[in-house]
Amino acid sequence: MKPLHDLPELLEALNPQAELVHRHLWLIALFEWLRGDCGSVPTTLARIELLLDAVQARPELEARWRAWWRTLVDTIDCTPLLADYGFSSLSSFITEFFERVRQKLLPGTPETADASALFDLVLFHGFDAQWLAALDEPTLGRIAVLLQPPTTPQADASRPVISQWQATVVEAITFCTSQVRATGFSPELRLRMSTPAREAAPFHCLVQDFETLRDVYLAAPTQDSEQRQAALQQFRERLEACRSAAATVYTHLDAHGISVNLVFQLRQLRVRVLRIRALMDCLLSGHPGTSTARLLSHLVTVGQERRSLRALLTSSTSLLAAKVAERSSETGEHYITRTVAEYRDMLRQAAGGGAITALTTWLKFSVLAIGLSAFWSGFWAGAVYAVSFVVIQLLHFTLATKQPAMTAPAMAAKLKDLGEPSALDAFADEVTHLVRSQVAAVLGNVLLVFPVVLLISAALQLAIGHTMIDAKQAEHVFQSLTLLGPTAFFAAVTGVLLFASSIIAGWAENWFVLHRLDSAMRYNPRITTLLGPKRAQHWASFTRTHISGFAANISLGFMLGLIPSFTGFFGLELEVRHVTLSAGQLAAACAALGWDVLREPALWWCVAALPVMAAMNLGVSFYLAFLLALRAHNVSGVDRVHVSEVIGRRWRHAPLSFFWPPRNAISPTSKQD
């Protein structure tokens, strides 16, 4: 079929007897003409009026148009388009993901009887949603008249007859109702609903209520009786009850956890309920033409989202991100100090973490001294880091750079209340507490890791005759840690790894809760037989308490060890710069070179790099976690200028509060590690 560029050519090519593919190509060409350059809704509306005038001015053309339309609706089934367009048939995130990838990679064909596939080819542009929504009632009335089939004598004139469009809408509502009922009966949703919602059993009678409404409507499609209104009210209330029952799943996520597939099913159910309401408006509202145009406009928008991988990932993972951020927020509250006692406790915990990190530095250099291949050196260095971080966790010590990714969600949660009086000052207080806590943690780590590494090196000198590293390795440490090199960039990359470990931690805890592994460990007969009931309960509680920390520490350790090996394989030579570990390496280099190193400028460039590393480690990980938490908590409209002004004013008037807590400070909650 040759391209058609103007209305006379289009109308001349209108052929009801053409092959299916050519009829569909003609329809695509018609909408391309209506769409024009996709820049002006009034222009498109004017073209629609021109089309209607041209067709209705010629009886022969109008008859040919009606015959063409009747052939079209007889050869394609519009019910799946109205009922299922925009939904996944299997309610599976993975299935939907790969289906969208397939649609992006493989082109569609107009040689199809699938109304949804044809809809994708005809109304594929986002502009179509705009002009469809802008159609007025008179224009819609003219279109409806033009699409009506010719009247035919009825065998039984007393029996009401509904149009093919009305029958299609009724069938589409039937399909949607069945899908909502099936989703409500799925075990993954049903087991997580509240007990009152399950006992109310709204999904059981949903189909029955719709069948009652359908029978009343088919008996008198043009009569708005009290019986119809009662049936319609009952069905709408049942739909709302189903939606409310599904919504109770969200309130039990702390106890049951959340998965992407679960979120996907919940969103599918909610949108299907909205689709049913839209379809009912097409039948029962006072302006069915407007409701139909609104529905088609919505289908165009849905089609845009249906082809978007980003939209699928965003909609299906937003709640999962919220739960990860919420769990991190609960942990992060424990890392924020508000009183002098808490501040001193943070210093003590950070000092303990620094002492363990000194041992980590020695073990890491020992692994490198073996001379393994790049991968295995990185692997065993990562294992050393992971074990050390876990030991720090179990001894209730603190590693400073792990805190920001946990504290950021706790800070973001405070932003929900910025509309209240004095909320900005309260948020500034929290920022002050957070900065002070991070300063204490970094100081505790660095100020102890340095002397402990010196002591270990001195002990090694006495025991085996040489320090932790030799002079050549010490020079390499100075070259790699200097502020004059890419240290700041590598420290920022390390901040990304710190943020990633917090996400892994939240995901692991959610996965643990989702699969109820603590309950399985506590009550599974095999486990209780092997360990005994008391020991099984102890290990279940221990694992539930520490699973988040284990995931964060182990993942962070292996990322710090393996990232340089993997990036080196591709020639990127990307390294990590963790402030506490780098301080330990610098101390080992000083011990190897002796007192004369104090006269070396290279040493002081490395010392100057330490606060930069701390700022980049803390700042990048906090910033990324803060952004995620803002999105997860649906915090919007935050006046960042006012927040910055309040924090700046606090810095000018009380700078010491960022480094030491006031004596009269009171903690709102008892601090736990």
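Analyst: Let's start with the term itself: a salt bridge here is a side-chain nitrogen of Lys or Arg within 4 Å of a carboxyl oxygen of Asp or Glu. Keep in mind that this is a predicted model, where local features need pLDDT of at least 70 and side-chain atom pairs count only at pLDDT 80 or more, while totals for chains, interfaces and linings use all residues. Numbering runs from 1 along each chain as its sequence is written, and side-chain values use heavy atoms, with hydrogens and water left out.

Searching the whole structure turns up 17 salt bridges. One of them pairs Arg-142 with Asp-53, at 2.7 Å from N to O. It ties together distant parts of the chain, since Arg-142 sits in helix α9 (residues 137-147) and Asp-53 in helix α3 (residues 41-56), 89 residues apart. Helices, by the way, are DSSP runs of H or I, at least four residues, numbered from the N terminus. Both partners are partly exposed: Arg-142 has 22% relative accessible area and Asp-53 has 41%. On that scale, buried means under 20%, exposed means over 50%, and partly exposed is in between (1.4 Å probe, protein chains only).

Next up is Asp-209 with Arg-238, 2.6 Å from N to O. This pair also links distant parts of the chain, with Asp-209 in helix α13 (residues 206-219) and Arg-238 in helix α14 (residues 226-247), 29 residues apart. Asp-209 counts as buried, at 10% relative accessibility.

A local case is Asp-345 with Arg-348, at 2.7 Å. Both belong to helix α19 (residues 340-369), 3 residues apart, or about one turn of the helix. Asp-345 is partly exposed at 25%, and so is Arg-348 at 47%.

The axes of α10 (residues 164-184) and α13 come within 9 Å and cross at roughly 170°, which makes the two helices roughly antiparallel; the axes are lines fitted to C-alpha atoms over the stretch in contact, with angles running from 0 to 180 degrees between N-to-C directions, and over 145 degrees counts as roughly antiparallel. The contact (heavy atoms within 4.5 Å) includes Val-170, Ile-173 and Arg-181 of α10 and Phe-210, Arg-214 and Tyr-217 of α13.

Key. Angles under 35 degrees count as roughly parallel, over 145 as roughly antiparallel, 65 to 115 as roughly perpendicular and the rest as oblique.
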